[in-house]
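Here are my notes on the model you sent over. They are meant to be read with the structure open beside them, one point at a time.

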Amino acid sequence: PAFQYAFPPPVVIAIRPSSHPNNISGDGVFVTISGRNFGPTDSTPSAWVGSSSCASVAWLSESSMRCLVPRGSGANRTVTVRVLGALGTAAVGYSFRPRHAIQYLSPPNAPTYGGFTIT
């Protein structure tokens with residue numbers, strides 16, 4: 001019989017940054033996923049935030065990978081990785097921050113030549 005070795009499943013310890021920056025909406029935020037048992041190399045790792053797969057995932061080392069976070073909403077979304085066919089889920093989650101919206105301007109209008117302060 002041939003000898004087979006199975007790597008232990010990946011363990012996710014941290015996600016940095018742990019939340020989506022306020023000034024960015026949608027795809028475009030890379031996060032670093034840290035942990036252990038990511039294997040000696042993997043050219044096709046996968047990662048998910050909640051139920052959405054990351055747009056781009058790169059294996060960096062036995063203890064880290066990078067993920068381009070997909071669009072989403074909510075707090076403490078589960079982060080899951082697949083490395084060398086094995087799944088690992090983070091004990092910590094990723095949170096999306098709501099986009100800021102202007103609710104009120106004072107004054108509501110001003111001359112077009114500028115120089116006025118609005119709040």
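1. Let me start with two cysteines: cysteine 54 is buried, and cysteine 67 is buried as well. Please keep in mind throughout that this is a predicted model. Being buried here means a relative accessible area under 20%.

2. How are these two cysteines linked? A disulfide joins cysteine 54 to cysteine 67, with an S to S distance of 1.8 Å. The pair ties together distant parts of the chain, 13 residues apart: cysteine 54 sits in the loop between β4 and β5, whereas cysteine 67 belongs to strand β6, residues 64–69. The torsion about the S-S bond of cysteine 54 and cysteine 67 is about -70°, so the disulfide is left-handed. A search of the whole structure turns up one disulfide. As a reminder, a disulfide is a covalent bond between the sulfur atoms of two cysteines.

3. Now to the sheet that includes β6. Four strands make up this open sheet, in the order β1-β2-β6-β5, with antiparallel pairing. The edges are taken by β1 (11–16) and β5 (57–61); each has a single partner strand, so one side of each is left without a neighbour in the sheet. On average, and with direction ignored, neighbouring strands of this sheet are turned by 25° against each other.

4. Strand β2 covers residues 29–36, and five bridges join β1 to β2, the two running antiparallel. A handy landmark is valine 12, whose bridge partner in β2 is glycine 35.

5. What is the strand order in the other sheet I would like you to look at? Four strands form an open sheet in the order β4-β3-β7-β8, and the pairing is antiparallel. Its edge strands are β4 and β8 (86–89), each of which pairs on one side only. In general, strands of a sheet pair through backbone hydrogen bonds, either parallel or antiparallel.

6. The pairings in this second sheet can be followed strand by strand. Two bridges join β3 to β4 (residues 52–53), running antiparallel, and tryptophan 48 has serine 53 as its bridge partner in β4. Strand β3 (residues 46–49) is also joined to β7 (residues 79–83) by four bridges, again in the antiparallel sense; here serine 46 has arginine 82 as its bridge partner. Next, β7 and β8 pair in the antiparallel sense over four bridges, with valine 83 standing opposite alanine 86 in β8.

7. A few backbone angles are worth checking, since most residues other than glycine have a negative phi, and most peptide bonds are trans. Asparagine 76 is not a glycine, yet has a positive phi of about 50°. Asparagine 76 lies in the loop between β6 and β7 and is exposed, with a relative accessible area of 58%. Leucine 84, also a residue other than glycine, has a positive phi near 50°. Leucine 84 is in the loop between β7 and β8.

8. Which peptide bond is cis? The bond joining arginine 16 and proline 17 is cis, with omega about -10°. Proline 17 has its place in the loop between β1 and β2, and a relative accessibility of 36% makes proline 17 count as partly exposed. The C-alpha atom of proline 17 is separated by 14 Å from that of alanine 90, although these residues are 73 residues apart along the chain.

9. Finally, please turn to the surface. Phe3, Tyr5, Phe7 and Leu84 form a nonpolar patch, with about 510 Å² of accessible area together. Phenylalanine 3 is found in the segment before β1 and counts as exposed, at 74% relative accessibility. Leucine 84, noted above for its positive phi, counts as partly exposed at 41% relative accessibility.

Terms used: Residues numbered from 1 in each chain as written. Predicted model: local features only at pLDDT ≥ 70, side-chain atom pairs only at ≥ 80, totals over all residues. Heavy atoms only, no water. Pairing = 2+ DSSP bridges. Axes fitted to C-alpha atoms, helices over the stretch in contact; angles between N-to-C directions. Disulfide = S-S within 2.5 Å. Buried < 20%, exposed > 50% of the residue type's maximum accessible area, 1.4 Å probe, protein only. Patch = residues over 30% accessible without salt bridge, like charges linked within 9 Å, V, L, I, M, F, W, Y side chains within 5 Å. Areas by Shrake-Rupley, 256 points an atom, 1.4 Å probe, with all protein chains shown as cover. Salt bridge = Lys/Arg side-chain N within 4 Å of Asp/Glu carboxyl O.
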